[in-house]
Amino acid sequence: MTDIGEKELLKKLKTNFGYDSFRSNQQAIVENVLNKKDTLVIMPTGGGKSICFQLPSLFIEGVTLVISPLIALMKDQVDSLKANGIPAMFFNSSQSSEEQQEVFNAIADKKIQLLYVAPESLLLLQNVLNQSYIGCVAIDEAHCISSWGHDFRPSYKQLAFLKKTLPEVPIIALTATADKATQEDILEQLSIPHATRFISSFNRENITLEVRPANERIQQIIDYIGKRANEAGIIYCLSRKTTEQLAAKLKQNNIDARAYHAGLTFDERAATQEAFIKDNCQVVCATVAFGMGIDKSNVRWVIHYNMPKNIEGYYQEIGRSGRDGLESHALLFHSYADVIQLRKFIEGTSNQEVQEAKLDRMKQFAEATVCRRKILLSYFGELIEENCGNCDVCKNPPKFFDGTVIAQKALSAIYRLKGKEALGTVVDVLRGAQNAKVLDKNYNTLKTYGVGKETSWKDWQHYIIQLINQGYCQIAFHENNALQLTDFSSKVLFNNEKVQLTTPVEVKKEEKRKVTKITKSTSKNSLFDRLRALRYRIATEENIAAYLVFNDATLREIEKERPQTDNEFLAISGVGQRKLEVYGGEFMEEIKTFLKEKKKNKKDTTLETYKLYEEGFTIEEIAEARGLKAQTIFSHLSKLYLEGKDIALDKFIDANQLKLIANAKKVLKNETALKPYFEFLEEKIPYEQIRIGLTILQKKR
Ligand code: ADP
Ligand code: ZN
């Protein structure tokens, strides 16, 4: 066993990272590493993998080598460590030879605790590796070593040598990819077959799941973002073109959006990524190329404009929201056209069957009528007993009704169209559309033409998709996606089998709100806005990402607690010793200024009342003009009266009432609360009058 106790671990966790407690598994993992055992960590994105090797590095003699696939990510991680006062550097091919020499020197002089390295640069470090400076090796995104995984990187193959070169040094491999085959492969490739495995729950409770039909999705997105004025988000699209068109559309609507895809130049992509991370751009419309390097903790929402190819991809993408543990939102737009498009992509690929099966699971998720989180987690082999309560199905369970007649109409239309037409034309025929396609083919003479006029296009689509899911009809993907009958169809058409359908959910129109720009907003309204503006300024000065100063969760806690002393500030989760020293002063200053201004505003508001009073307005008129309650105006006047302003308070109370209150005061003596007076006076004098009476009596004394 390591002789480093829990207390010591917790102390360093607070001093160097600002956290008060470990998240699930973190402590056990840290202890395992400190016991020099090889370790495999499977944790979802945002689960807190970094602590698992960063904390041990503070106790381990020698450098902890961190293998990380992305150069862009490395800099952020190193910045983050430095912000916490932990000496760290990175080493990669983008550095000059002087910079690289600096790294070598720092290692030799034992000046750094962590060194981030890209796998392809490992060879250049051979000399260092052969000496005993290395105390631990952490392999981030370890699934990249597996050619079975979805993200294979050839350069990761070299990592197999690590165990041979450094047999005594514990290796900790970390990834968010859960599947069993990849796990086994990672251990085999790294030659650490006996590594202790720590597999965390994949449930990300803070992400609300929602799926909507894709009708008018651009307008839906504009409304959606309008409601989330200062919240950063990512919109995933299937094609490069869509990312650009969507970004342009959003810009036209004053939304701060940019496109990101692999067709842009390296510089363009880097600029967008950096702007996003630094809170300089609110929305990125991206292909799946965007995300691997995005370690931004305050992404508040992820939209899938198109349906992803599989659940792995979907889960990884939505996992980029809410890494700070605060509430966040994942919205998927579901359209049948997307499914058909994705089918086309898959066709003819080497593992077509596997991919089709995966797409089917994705489709089932999108069309689910039971808790969506259950479906997601069961996909990863994790079962939860209770419904999650935080997905659209849980929040708004589907209502079933007897849809037999609807089913009969749809199926007979499919029958009369001889299984030759796709969903769109079937609906057109049902609704009696007058378009060329229908008329040219004389579909207007069919018996089912127009029998479903009263049902909207959208609803028909919703019903037919359910019929497909229940097996009453099917899509012939190889015959232009025509709808065709199945063996089940006749049961409905001829044997009167009952069909249950769900009513389409109405997507509530998002309330329109004015769209403002993220962060650059100088809104001085809320303390949070001010704290965020300060964070933005500091981050810009230091040229680091805003969340590296403090993440949203920490900022929220500062807003709530309003710390004003070092000790209070240190008690905030996310504030360690160094951050207290470097940022504490400015943040506490901001809080003080805020509180002062608030006080001043209060004073101003009383004076405003006074002005109107002097001009001869009645209480009711003042209240109305100022949008305040009469009660508030009374309290302003009382305050002014006590301050010695010329206010005829006695006008608002009759002499008899005042006498009764004076008597009560004699009996109740030092009582300051109003309720005892109210009761003593047998509930005959309203609270407001009592307050005025007491104010007058107080002044008289
Ligand atoms: P991952 O690498 O697994 O995606 P990170 O290591 O980046 O996750 O951590 C995700 C977020 O959780 C970060 O914002 C980090 O500051 C926060 N975090 C990690 N561990 C803790 C902890 N013990 N207490 C509070 N916050 C934590
Ligand atoms: Zn649910």
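**Salt bridge and zinc site in a predicted model**

Q: Why is the meeting of the side chains of Asp279 and Arg535 called a salt bridge?
A: The side chains of Asp279 and Arg535 meet at 3.5 Å, N to O. A salt bridge requires a side-chain nitrogen of Lys or Arg within 4 Å of a carboxyl oxygen of Asp or Glu, so the pair qualifies. Across the interface of domain 2 and domain 4 the rule finds two salt bridges.

This is a predicted model, in which local features need pLDDT of at least 70 and side-chain atom pairs count only at pLDDT 80 or more, while totals for chains, interfaces and linings use all residues. Residues are numbered from 1 along each chain as its sequence is written, and side-chain values use heavy atoms, without hydrogens and water.

Q: What makes domain 2 and domain 4 count as being in contact?
A: Contact means heavy atoms within 4.5 Å; by that rule 13 residues of domain 2 touch 13 residues of domain 4.

Q: Which atoms coordinate the zinc ion (ligand 2)?
A: The SG atoms of Cys371, Cys388, Cys391 and Cys394 do so, at 2.4 Å.

Q: Why is the site of the zinc ion (ligand 2) called tetrahedral?
A: The angles among its four donor atoms are 101 to 120 degrees.

Note on methods:
Chains lettered and ligands numbered in written order. Donors = N, O, S within 2.8 Å, 3.2 Å for Na, K, Ca; no water. Tetrahedral: all angles 85-135°; square planar, octahedral: opposite > 155°, others 65-115°.
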